[in-house]
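This report describes a protein model in terms of its surface, helices, salt bridges and selected residues. The sequence and coordinates come first.

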Amino acid sequence: MTTPVLAALRGRLFWKILFGFGLTFFLMVQTLWVAIQLFDDPPRPIVHLFEDRLAPVELASAAAVLESGGLPALRRLIAAWPESERAGLVVRPADHGTPAASVVIRRDEVLIRSVTAPDGSVWQLSRDLSDLRMPPRPGGPFRLPPEIIMLGVGGGLVFSTALARYLIRPILRLRRGFDDLAGGDLAVRLGPAMGRRRDELADLARDFDVMAARLEQTVAARDRLLHDVSHELRSPLARLHMAVGLVRQSPDRVAVTLDRLELETARLDTLVGELLTLSRVENDAPRREDYFDLHGLVASVVADARFEAGPAGVTVESHVTPAASLTGGAMLIKGSAELMRRAVENIIRNALKFSPEGGAVTVSVDIDERGRRHVLKVRDRGPGVPPEMLASIFEPFVRGPDGSRNQGYGLGLAIARRTVEAHGGRIIAANRSTGGLEMTVTLPWTMTA
């Protein structure tokens, strides 16, 4: 017996299934037996066969022998019959005046025929049918034969054991999977162990695999983020350490060193602030009960972007119309307006950062009524992104190909993507055929005011 079966024997659910279905099978067999005894008569067709065919043939044979050979020939014939059949046939002289006839008369349970022997004597043959009847069953229909009881017990045990094993095996596999997952084995998968099952337990195993894969990706992303954060913190901390050492060696350069300390402290503050924002996105956004208008939010961000883009000689063109004037209602989004504003700012600022002097950034917001979603597009005329980097630019600490121009930490687009996804949306990046990058954000609206 295999280990899973032994484990199943120790499980409570196994015993419940075993005894529950075993008892049900036993009661079904016994009830079926009682019902057959009460409402059916299985030997009846055999009795009819004797009454309608065999007994008349037997009587006709005896009459034919008596007619042709007389009484001695009939006795020799009867002597060859079995004892039970000999007892059923009675031969006696017919009553005086009874004519011989080949017609068989039935009186209650007796077949009667008159026969004339070769010597002229008339005999009456009687075949009693009562011995063909099945005797009443002693104890009535509720007295179960041992064979039926054994069939119920044995069949119930076999059926319930097979059923219990069929149900318990995948449950035990699921339990081991959860144990392995809790023990840190994030690579455990249960789908292959379910074989060709297509029931609810197989669906549960597939859901487990999806959960394990998502957990494995989350843990891997966390580990990668911790590694990147450690790397990004090391550089400003090293410069702070060098500045402190420089002050100790050259006290006359205190002013210059303090400026450096202030700059590195500001960078650390910015980095920590963006990391906190990144961690807040997935935790805070789904819990917020705020409703906001994306069109108005983007219009506000565009106004700020125009102010920031002026000194760089970049213009910001917008095609943003308040949603209320488009359909007579506001397609509001449920979540955090603060985080969404930060996400849109990061996308537009990223476009401004890579736009050349005299270039333009185009921002548009449309509605997709069939898909019940907003579509935000931000286009720039910068150098674009190498195709192999389009999918990775939303990962934390991933910078563009021109890292010297990018003064950030590569967290802006990561915050934008997590914010959009936390609101049920999607963000993609694609290079434009005319040059530059296009960011497309789709966000489903929650309600129509």
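## Surface and overall composition

The chain has an accessible surface of about 26300 Å², and carbon and sulfur atoms account for 59% of that surface. Accessible areas come from the Shrake-Rupley method with a 1.4 Å probe, and for residues only the protein chains shown count as cover. The structure is a predicted model, in which local features need pLDDT of at least 70 and side-chain atom pairs count only at pLDDT 80 or more, while totals for chains, interfaces and linings use all residues. Residues are numbered from 1 along each chain as its sequence is written, and side-chain values use heavy atoms, with hydrogens and water left out.

The secondary structure consists of 11 helices and 12 strands; helices (H or I, at least four residues) and strands (E, at least two) are DSSP runs, numbered from the N terminus. Of the 449 residues in the chain, 37% are buried. Buried means under 20% relative accessible area, exposed means over 50%, and partly exposed lies in between (1.4 Å probe, protein chains only). Contact means heavy atoms within 4.5 Å. Among contacts between residues at least 6 apart in sequence, 68% join residues at least 24 apart.

The expected span of a helix is 1.5 Å times one less than its number of residues. The buried residues of α2 include Phe-14, Ile-17, Leu-18, Trp-33 and Val-34, together with Gln-30 and Gln-37.

Helix α10 has 17 residues and reaches 24 Å from its first C-alpha to its last, close to the 24 Å expected at 1.5 Å a residue. Among the buried residues of α10 are Leu-339, Met-340, Ile-347, Ile-348 and Leu-352, as well as Glu-345, Asn-346 and Asn-350.

## Helix α5

Ile-149 belongs to helix α5 (residues 146-182). With Val-153 and Leu-157, Ile-149 forms a nonpolar patch on the surface, and the three have about 220 Å² of accessible area together. Patches are made of residues with over 30% relative accessible area and no salt bridge, like charges being joined within 9 Å and nonpolar side chains (Val, Leu, Ile, Met, Phe, Trp, Tyr) within 5 Å. Ile-149 counts as partly exposed because its relative accessibility is 32%.

Gly-155 is also found in helix α5. Gly-155 and Phe-26 are 129 residues apart in sequence, yet their C-alpha atoms are 7.5 Å apart in space. When residues up to four places away in sequence are not counted, Gly-155 touches Phe-25 and Met-150.

## Salt bridges

The whole structure holds 13 salt bridges, each being a side-chain nitrogen of Lys or Arg within 4 Å of a carboxyl oxygen of Asp or Glu. Glu-438 forms one of them with Arg-379, with the closest N and O atoms 2.7 Å apart. This pair links distant parts of the chain, since Glu-438 lies in strand β11 (residues 437-444) and Arg-379 in strand β9, 59 residues apart. Both Glu-438 and Arg-379 are buried. Salt bridges that share partners also join Arg-239, Arg-260, Glu-264 and Arg-267 into one network. Beyond residues up to four places away in sequence, Arg-379 touches Ala-360, Val-361, Thr-362, Ser-364, Arg-432, Leu-437 and Glu-438.

Glu-264 is buried, with a relative accessible area of 0%, whereas Arg-267 counts as partly exposed at 33% relative accessibility. A further salt bridge, of 2.5 Å (N to O), joins the side chains of Arg-341 and Asp-304. That pair links distant parts of the chain, with Arg-341 in helix α10 (residues 337-353) and Asp-304 in helix α8 (residues 294-309), 37 residues apart. Arg-341 is partly exposed at 25% relative accessibility, and Asp-304 is partly exposed at 35%.

## Backbone at Arg-372

Arg-372 is not a glycine, although its phi is positive, at about 50 degrees. Most residues other than glycine have a negative phi. Arg-372 is placed in the loop between β8 (360-368) and β9 (373-379), and its relative accessible area of 44% makes it partly exposed.
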